[in-house]
Amino acid sequence: MNNSTSKNNFLWGSATASFQVEGGIDTCDWAQAGREGKVPVCGLACDHYNRFKQDFDIAKELGHNAHRFSIEWARIEPQEGVFDESAMAHYRAVLEALRERDLEPIVTLWHWTLPTWLSESGGIERKDFPQIFARYCSYVATGIKGLASHIVTLNEPYTVITHGWLHGDFPPFKRFPPMSYFLRERDHHIKKPSGMTDSWLGIVQYFTLANRLAEAHIQAYNAVKQVNQEYSVGLVFQVHVFRGASPLSRLIARFLQWHLTHRFLRRALKRCDILGINYYHYTTLGENKKYRKTDMGWDIRPEGIYDALMEVKRYKLPIMIDEAGCADAKDAFREEYIAKSVEGVLRARADGVDVRGFIYWSLMDNYEWANGFDMRFGLVEIDFDTQKRTIRPSAFAYRKIIEANSPTIHS
Ligand code: BGC
């Protein structure tokens, strides 16, 4: 670790992802989909590409000592095999700005968007995707050497393939037809994109692609370590917790938990120094209870983060909570959400899970993928017309939680 905040401190912070905040990214699949009217146009987003210093000042003011962000592949490798040194220089400046503020960087190499040369030639359906990804990762790992130590290869591999090949609301918009029945309730606010194609093959591709992404992680891990053994390299996985209210539903829940969590992790974690967990969803099958909902329509069950952590305890790895958060435009329940999440994390630590940090999603309101700009996850409110930043009260409450709860890490 090369940063004074990092060695023995629990990491507290928030996250962003390049396409969701930077603005001005025209050469990736999501930008293309926006131009084709399949998803909302992202445009300038939060103009974070130009305002990152101001935004990091806010994170600092809010008591954070870490920040997770992602590097935009389409900027770094705008054409196949051609790397843009000026884009690399930008991310070096971002890292320097974080270090000047004692914010430990957590660098995600791929947070869902693909350069158009790649998406148009098959994207992750390409058999050589793992090699192509590893080559890009190696370039970035070399470019940021000395400025960061904590690297994430993939963000939520299952979300990419579930939305891209089963739900059909993310590129490449392939929908496995029966899914619309199951998703009617939960994702009611997402309109069917105009370019969606029904594909019964989706389910076959789903498994092939899951395996390919596990392989992409492993090859990226090796490539990054080859640049510098000292890098701590991990992947970020969303754990959707499944439980059951009756013996039969408990059995089904166990199958789903295995299928949607452990099948992938057992494969991918052959190479991993630290596992990143994102937590948003908890489903108790066969339960009648109605939960309050976030603006996304998701059940408010932040304390369930404890069970998510207990699920991954078996891998005996250090864990980061790399995302947990809620869409709450009125800032009505965010403070409680964060407090209960942190409580769950600390309880899991007390029960033997080696959690090293908590990163809230997100530092600021941003482009919430197929939902556009209406879903507001930010500690900081963004006025997308003026780019004005306003810190929400829950952000100050999070600062107090940080001050009161910081555990010491013994590693
Ligand atoms: C993703 C973020 C997204 C958040 C809220 C996570 O799955 O990593 O990019 O904005 O969930 O939907």
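Lys316 sits in the loop that runs between α12 (305-312) and β11 (319-324). Keep in mind that this is a predicted model. Is Lys316 buried or exposed? Exposed, because its relative accessibility is 74% and the cut-off for exposed is over 50%.

Now the other positive phi. Phe173 is also a residue other than glycine, and its phi is near 60 degrees. Phe173 belongs to the loop between α8 and β5. Why do we call Phe173 buried? Because its relative accessible area is 3%, and buried means under 20%.

Which peptide bond is cis here? The one from Pro171 to Pro172, with omega near 5 degrees. Pro172 is placed between α8 (157-167) and β5 (174-175), in the loop. That loop, between α8 and β5, also holds Phe173.

On to the other cis bond. This one runs from Trp361 to Ser362. Omega there is near 15 degrees. Where does Ser362 lie? In the loop between β12 (355-361) and β13 (380-383).

To recap by loop. Between α8 and β5, look at Pro172 and Phe173. Between α12 and β11, look at Lys316. Between β12 and β13, look at Ser362.

Terms used
Residues are numbered from 1 along each chain as its sequence is written. This is a predicted model: local features need pLDDT of at least 70, side-chain atom pairs count only at pLDDT 80 or more; totals for chains, interfaces and linings use all residues. Side-chain values use heavy atoms; hydrogens and water are left out. Helices (H or I, at least four residues) and strands (E, at least two) are DSSP runs, numbered from the N terminus. Buried means under 20% relative accessible area, exposed over 50%, partly exposed in between (1.4 Å probe, protein chains only).
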